[in-house]
Amino acid sequence: MGLFHGGQNSKFDYYLSAYTALSIPRCILRALCRRTLAKARSRKDWSEIERRLNYYNRLNSSQPFDSEAFKEKSVAVRNQKKVHPSVYYLDSYRYARAFDPDSRWILLPGDIVKVPEAPAIVKSRPLDCDNTNSVLLNLNKVRHFVFVNDHKSFAEKKDMVIFRGAICQYLGTSVKKVRYDFVKRYYNHPMCDVGGVDRDLTEYQAPKMTIPQHLDYKFIMSLEGNDVATNLKWVMSSNSIAVMPKPTCETWFMEGSLIPNYHYIEIKPDCSDLIERLEYYIAHPDEAQEIIRHAHEYVDQFRNRSRERVISLMVLDRYFSLQKN
């Protein structure tokens, strides 16, 4: 997908690709899928494929499977209706069409932060719990999977942290309240260019900024919203450093596998040690540069389109296959 000048993925390119994929006859897709799955284990990157397959889909044949409960909540792939937002349908159905149309699944759109009662296809799932029933696919990728080409070095950037995001909608729970409390604490701090972009916000407001404008800063806050921090992918692909508390949710990006102070700068859940952490890495630029290098290495595993397709098909193949046991 191409990027607009603001740094976001082109939705025109995305929808053109998505609907083109849905126009391919099922018989062709099923033949291509069988060939892809048959050759997967002979690929040079099979170990990487297997590792990620096992991460996204933790279902196994020895695990109790409540078939009656699943049948009640699931629908045959051939009968799957469009969901809202449509990107969840487009990103999942382009792969599901390659399987038996009578295969059943549960497709849950949106920001999922609870583990479903029956195995389901989701974009996000909570960490630090048994989330086996949450089977991850790369959903809403037009919004979430954005990478950048950052031509400005870390040394050239401002010794500050930047944050822009909606904050008022996150006051409902103590976990997501972190955005509002963070902006309130650091709104006028000289090392912080932070603010909320909510339309009706009367305090702590700041103008929206493009991704390229964010890249003028050495540090970029990645604070969770309804589930994960949407900006984490492009921040980790840049020459700036993501700063955030330990993640509580994860997606296809496998946020739960990130290593603190290796892939990103970790701060306390209440963000109270932010300035201390920033000052440390400003004073230790070599360590900051190592975090950037490790972040780039992490992001690189998602850049191979062929491998991403294979993993997506294998996640669904395992999901559908377990129903037959």
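Where does Asn9 lie relative to α1 (11-22)? Asn9 lies in the segment before that helix. Helices (H or I, at least four residues) and strands (E, at least two) are DSSP runs, numbered from the N terminus.

The model is predicted, so local features need pLDDT of at least 70 and side-chain atom pairs count only at pLDDT 80 or more, while totals for chains, interfaces and linings use all residues. Residues are numbered from 1 along each chain as its sequence is written, and side-chain values use heavy atoms, with hydrogens and water left out.

Asn9 is buried, with a relative accessible area of 6%. Buried means under 20% relative accessible area, exposed over 50%, and partly exposed in between (1.4 Å probe, protein chains only). The side chain of Asn9 reaches the backbone oxygen of Phe145 at 2.9 Å. A polar contact is a pair of N or O atoms within 3.5 Å; within protein, one must be able to donate a hydrogen and the other to accept it, and residues adjacent in sequence count only if both atoms are side-chain atoms.

Val75 is found in strand β1 (residues 75-76) and counts as partly exposed at 27% relative accessibility. Contact means heavy atoms within 4.5 Å. Leaving aside neighbours within four places in sequence, Val75 is in contact with Gln80, Ser103, Arg104 and Trp105. Its C-alpha atom is separated by 15 Å from that of Ser321, 246 residues apart along the chain.

**Helix α12**

Helix α12 (residues 305-321) has 17 residues. From its first C-alpha to its last it reaches 24 Å, close to the 24 Å expected at 1.5 Å a residue; the expected span is 1.5 Å times one less than the number of residues. At the start of α12, a side-chain oxygen of Asn304 reaches to within 3.1 Å of the backbone nitrogen of Ser306.

The buried residues of α12 include Arg307, Glu308, Val310, Ile311 and Tyr319. Glu308 has a relative accessibility of 11% and therefore counts as buried. Its side chain makes a polar contact with the side chain of Trp252 (2.8 Å). Not counting residues up to four places away in sequence, Glu308 touches Arg52, Trp252, Gln301 and Phe302.

**Helix packing**

Two packed helices are described by the angle between their axes and the distance between the axes. Axes are lines fitted to C-alpha atoms, for helices over the stretch in contact, and angles run from 0 to 180 degrees between N-to-C directions. The table gives two pairs.

| Pair | Angle | Distance between axes |
|---|---|---|
| α10 (residues 274-283) and α11 (residues 285-300) | about 100° | 5 Å |
| α5 (residues 86-96) and α12 | about 80° | 9 Å |

Angles under 35 degrees count as roughly parallel, over 145 as roughly antiparallel, 65 to 115 as roughly perpendicular and the rest as oblique. Helices α10 and α11 are therefore roughly perpendicular to each other. Their contact is made by Tyr280, Tyr281, Ile282 and Ala283 of α10 and by Pro285, Glu287, Ala288 and Ile291 of α11. These residues divide into seven nonpolar, no polar and one charged. Here Ala, Val, Leu, Ile, Met, Phe, Trp, Tyr, Cys and Pro count as nonpolar, Asp, Glu, Lys and Arg as charged, and the others, Gly among them, as polar.

Helices α5 and α12 are likewise roughly perpendicular to each other. On the α5 side, Ser92, Tyr95 and Ala96 meet Arg309, Ser312, Leu313 and Leu316 in α12. The residues of this contact divide into four nonpolar, two polar and one charged.

In helix α7 (residues 178-186), Val178, Arg179, Tyr180, Phe182, Val183 and Tyr186 are buried. The buried residues of α7 pack against β6 (158-165), β7 (192-196), β8 (217-221) and α10.

**Backbone geometry**

Most residues other than glycine have a negative phi, and most peptide bonds are trans. The peptide bond from His84 to Pro85 is cis, with omega near -5°. Pro85 lies in the loop between β1 and α5.

Asn140, not a glycine, has a positive phi of about 55°. Asn140 is found in the loop between β5 (134-136) and α6 (141-144) and is buried, with a relative accessible area of 10%. Met254, also not a glycine, has a positive phi of about 60°. Met254 has its place in the loop between β10 (249-250) and β11 (265-266), and at 0% relative accessibility Met254 counts as buried.
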